Amino acid sequence: MIDFELSPRIKGTKNMIHMFAENALRPIARQYDENEHEKPTELLAMVQKVMGGGVAGAFGTESKEKKDKKEEGEPAKKKPRETNLAGAVTIEEIFWGDAGIALSFPGPGLGGAAVQASGTPEQKEKFLARFSGEKPVWGAMAITEPEAGSDTANIKTTAVLDGDEWVLNGEKIFVTSGKSALEDSEGFVVVWATVDRKAGRAGIKPFVVEHGTPGMEITKVEDKLGIRCSDTVSISFMDCRIPKENILGSPEVVDKTKTEGFKKVMATFDATRPLVAAMAIGVGTAALDFLKETLAEEGVELRYGINPCRMTALERDIMQMEADLKAARLLTWRAVWMLDNGLRNDLQASMAKAKAGLAVTRITQKAVELMGPLGYSRELLLEKWMRDSKINDIFEGTGQIQLLVTARRILGFSREQLK
Amino acid sequence: MVSFELSDEQKMVQETVASFAADQIEPMMRESDETNSVPEDVIAKGWELGLLGGCIPEEYEGFGEEASALTGVIAMEELGWGDLSIALHLMAPSVMALSVLDQGTEEQKKQLLPHFCGEEYKAASCALVEPFYNFCASSLRTTAVRDGEEYVINGKKCLVPLAQESENMLVFAATSPGMGFSGVDAFIVPTATKGVAVGEREKNMGIKALATYPVVFQDCRVPAASRLGGDQGCDFLRLLSRSRLALAALAVGMSRHALEHSRDYATQRVAFGEPIGSRQAIAFMIAEMAIEVDATRLLTWEAAWRCDKNMDFYKEAALAKNYAADMAMMVCDRGVQIMGGHGYVRDNPVELWFRNARGFATFEGMAMV
């Protein structure tokens, strides 16, 4: 039965998180934008204490109870879960508060999501338990290299097996929360490296590298356009040795498109792309809410329902923003609902991210434009939201990559048929 | 609890209407457009599906439990996929029937609803749109003024579907001009009433197979009892919003068809040694079309769901309809563009959808869920 009403449980969480976002994040949002590379340490410690694995759940892993159930064979069809929907709703609210601070929240992050998606039960236990402790811990993911962004087949970081150890060499960039994971906490980073360059994508494997591993060094902390509270780092690997069992999935180089392991890796994106869409929607909602509140205070009425030919330019813009935002949210909910119900959602995940990333980039830019000098001023948060939101059309696959994935699925074309 | 799964009944409606659209409607699309006429046998068969009768309760000779806007938009999408003209012709009586069912007095229901429950299709019309560049349903120029036990209607209407063929039309007029949507009322007017002048059939850019007419009301007197809802009048914005849901869904269906056509062409048409869909310039257009078709469907579903839940849905319906109008134009324009010259010739259907698509910006009150 088609239904757009959130369950009472999710609604409750949503309201709680919204209050938290309003009272704890908004007031300090500007401070951690102006003072890049500083962290609201106390807040993050509090977040860890209060939410423990809770927020972590939203970022890719599930609560202990759910996880245990899932590992018992995981039948394809069972009673509906709402884990991913709850995650999307939660994330939207946190990002409504502040995207930069939200991105610096402790938790397993994308690295944890990769472990969750393709790790063995032992690996999950070993690497993920730390996130539900007292102290904040971060997980990170390192895929991008100076010469390999979306083109992951071009990854040059190598992993060579030497006895009981993998030896990593190479350079990674744009690692979100890399510093938090490796220097500020006892976290880890999941590093994507090739075990066989000739094998292309099939040779690229994820490896878990623990904080403090010799041969791994953070070489740069990026200064960014937005989401400044979140650290983005470059990591250099020089004969970095890690245990043999830290590889996620099979070390075999085979045609990965036909293996379960590869599907699991791709499943990471199916789960994370809608969440990035939810992040975008949170920021977009912040901008639109603010815009509409300001107009209401100024006594500007928005005449919904009249013919567009009679609308003011302002009304048209706002209604377009509102519809785009809602469309993005519904596409996102559909993608996570499918995931929760065990349905293949790669197409819908990419559609949601493509729509949300671009829509919110435009919505926040439009909001700054419509508010004139107020929009452009750093006294208010609109200009920050415009800078923050841009990342959503870039990370976890640019908007163009999402279109590529979507088009391949719609056209029934392979990677080779549609490059 | 959020769900995107259709109920079993909705799935059945969807499948039934989809196969009717594919087997009966779509094959007649081009011929209907070229000959400016809908195939009567298809309308007759379409009527047998009971889409309208299924919304009308037994006490009024229908066979429905209750009308669901959500089920309605699901059916409308499939009809729109088939052909817009035929869909609008088939569903033209829905505006009268569902308006009366929703807001008519008991007497109006008893008198009119059984007409729509028979085995044969019976046309009924609706006169809302007016021939002015800045037409807006919130400020109609057509007025209805109370005079004793009668209302006197004056004004000009256009895009009145099946005016010639219909026994009755639902005429929207301002009873309190300047009061916006709340100042509008609907009147059940027999087409034969004195003062009603149905003009020559209109020539439109699209929906050519649908017969539409200009209608002029000049001191047209109707009994006060013909006011929809009696002395209480009606919630015009509610009716308008439900018609917007229907139009949005029709736009989704038609655009989906254009998308599917473009997709197939892009995989088959070879240029420079490979299918044109292998180029991002084409592939990205198709991806965006697919995203927007789905986005519009979800906006429409959500608004219809709100309607079914008795939540406020007027704003959502308006947003969905306007979004659908823009989406349809974008998608169908690209449908033509992707085929290039082949899209411009009338051998192919995309130019037809392109012409139809622009209509959604103008259409109001031409179908209802």
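The legends below describe close-up views of a predicted model. Local features are given where pLDDT is at least 70 and side-chain atom pairs count only at pLDDT 80 or more, while totals for chains, interfaces and linings use all residues. Residues are numbered from 1 along each chain as its sequence is written, and chains are lettered from A in the order in which they are written.

**View 1. The contact between chain B and chain A.** Here 37 residues of chain A are in contact with 40 residues of chain B, two residues being in contact if their C-beta atoms, placed from the backbone, lie within 7 Å. On the chain B side, helix 7 (236–268), helix 8 (280–308) and helix 9 (314–339) each supply at least two residues, and helix 8 of chain B gives the largest share, with 14 residues. Helices are DSSP runs (H or I, at least four residues), numbered from the N terminus.

**View 2. The residue classes on the side of chain B that touches chain A.** This side has 26 nonpolar, 8 polar and 6 charged residues, where Ala, Val, Leu, Ile, Met, Phe, Trp, Tyr, Cys and Pro count as nonpolar, Asp, Glu, Lys and Arg as charged, and the others, Gly among them, as polar.

**View 3. The domains of chain B.** Chain B is divided into domain 1 (8–117), domain 2 (125–232) and domain 3 (236–361), with bounds from an automatic or database domain assignment. The centres of domain 1 and domain 3 of chain B, taken over C-alpha atoms, are separated by 21 Å, and their contact takes 20 residues from domain 1 and 23 residues from domain 3.
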